[in-house]
Amino acid sequence: MSTIDLATAPSPATVPAEGIAFYTPAAKPGAAVNPTAKETPTLFRPLKIRDVTLKNRAIVSPMCMYSTNPDPASPFNGALTDFHVAHLGHLALKGAGLVIIEATSVQPNGRISPNDSGLWQEGTDSEQFKGLKRVVDIVHSQGGKIGIQLAHAGRKASTVAPWLASEKGVRGLKADESVFGWPKNVVAPSGGEEYVWAPGGVSYWVPRELSTEEVEEIVRAFAKSAALAVKAGVDVIEIHGAHGYLINQFLSPVTNQRKDKYGGSFENRTRFLREIALAIRAVVPEGLPLFLRISASEWLEGQPIALERGSWDMNSSVELLKILPDIGVDFLDVSSGGNHKDQKFDPHGDYQVKLAGQLRKELRAAGIKTLVGAVGLITQAEAALDIVQGADNDEAHRAELILNGTEPRADAVLMGRQFLREPDWVMNAAKKLGVHLSPPTQFGRAYLR
């Protein structure tokens with residue numbers, strides 16, 4: 001029987017994190033010290049998705065930072081930088097269960113702006129791959145999980161960073177060739193002046209219609225980017241199908257008036273998404289979770305454009321739910337809006353949380369185990385707790401819900417701006433809720449009780 005020499009054995013705080021090229025102690029900040037204790041709320045219980053287990057249910061939403069090299073002649077074009085290592089690494093250090101990298105385009109013309117993240121360069125020696133790998137490594141070093149949102153902006157592409165547009169007093173501002181934009185290659189399911197995202201001349205370019213062959217090439221591009229992301233060590237891949245970007249444009253009859261196999265019926269309008277999901281599933285490990293963000297509603301009910309063409313609404317999303325298991329989607333990230341200027345909604349309270357709750361209820365009623373994430377205006381610990389409480393199926397938590405006549409509205413919460421305002425939201429929320437979490441090793445003395 002072996003013995004341990006306490007004089008020479010490393011303490012837990014000096015055991016290095018595995019699989020990284022730099023030294024940092026192995027740590028798991030944000031994990032509940034007693035995750036299965038009765039008093040530990042669902043928010044701070046682990047969430048297992050395929051072979052990946054999140055240490056808590058607080059997820060950092062993908063947020064565009066508009067901070068990569070825009071010059072297509074540079075090998076660093078679209079590559080994540082030291083800024084992203086610091087920004088995303090710090091959120092992992094402060095205990096987020098999953099950090100999702102900003103919308104990362106699978107093609108150069110799929111970026112929202114020339115300064116967006118991309119993953120179209122081939123090979124593991126590209127700067128895009130190496131930048132991604134560095135972000136993956138820093139998050140993993142903190143015991144966190146890292147995801148990447150793969151995207152294509154479609155007709156909303158080739159604009160400048162939003163803070164530049166706001167200086168001109170507009171919501172969007174076209175990026176032309178002088179700032180490395182691509183005004184002649186902005187694409188959409190249907191093209192022409194009527195499909196400009198926001199008419200007015202200064203904000204967005206007129207898109208051209210994609211050919212059937214180009215649509216098929218974009219499907220392959222999603223798969224190629226997914227395969228590279230896996231090689232970089234990413235734990236989760238999210239497909240961006242929301243907010244009026246290309247996949248959302250295909251789903252909606254408002255923006256998809258195509259006559260080929262990708263337009264017309266619900267089956268045809270969802271074909272692009274279905275092919276992308278299946279193409280990604282074919283190149284990633286079976287145990288890797290696949291997320292999908294959707295706009296559950298375009299908020300166009302009663303608007304002239306919807307009366308003329310129909311729209312993507314909650315009924316459409318309920319129909320979409322039925323095919324999620326068949327295309328390998330494990331987690332539905334429920335957002336809304338962004339596909340038409342005439343959308344009407346009240347952006348206050350739990351407007352999107354309600355949508356998530358409705359869709360989760362539909363999923364469970366159909367016997368579908370796909371997980372659901374709620375996003376939008378979630379800022380307070382008590383609200384986050386209320387949204388997910390009982391989703392872990394703990395007997396005590398379920399009994400509490402039955403007694404109160406309530407049910408979980410989501411399995412996890414996603415927050416974007418709140419993590420920008422409060423990077424240590426996880427630690428602060430735990431303190432408010434009386435949960436003892438593991439702190440960042442190097443910062444531990446600041447969390448001593």
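1. Gly233, which follows helix H4, has a positive phi near 100°; helices here are DSSP runs of H or I with at least four residues, strands are E runs of at least two, and both are numbered from the N terminus. The model is a predicted one, in which local features need pLDDT of at least 70 and side-chain atom pairs count only at pLDDT 80 or more, while totals for chains, interfaces and linings use all residues. Residues are numbered from 1 along each chain as its sequence is written, and side-chain values use heavy atoms, with hydrogens and water left out.

2. Helix H4 itself covers residues 212–231, and its buried residues (under 20% relative accessible area, with a 1.4 Å probe and protein chains only) include Val215, Ile218, Phe222 and Leu228. Among the elements that cover these buried residues are helix H2 (127–141), strand E6 (145–151) and helix H7 (271–281), contact being heavy atoms within 4.5 Å.

3. In helix H11 (residues 381–388), the buried residues are Ala381, Ala384, Ile387 and Val388. Viewed down the axis of H11, these fall within an arc of 125°, so they line one face of the helix; the arc is taken from the directions from the helix axis to the C-beta atoms. They pack against helix H10 (351–365), strand E12 (371–375), strand E13 (412–415) and helix H14 (425–433).

4. Just after H11, Gly390 likewise takes a positive phi, of about 95°.

Definitions and conventions
The expected span of a helix is 1.5 Å times one less than its number of residues. Buried means under 20% relative accessible area, exposed over 50%, partly exposed in between (1.4 Å probe, protein chains only).
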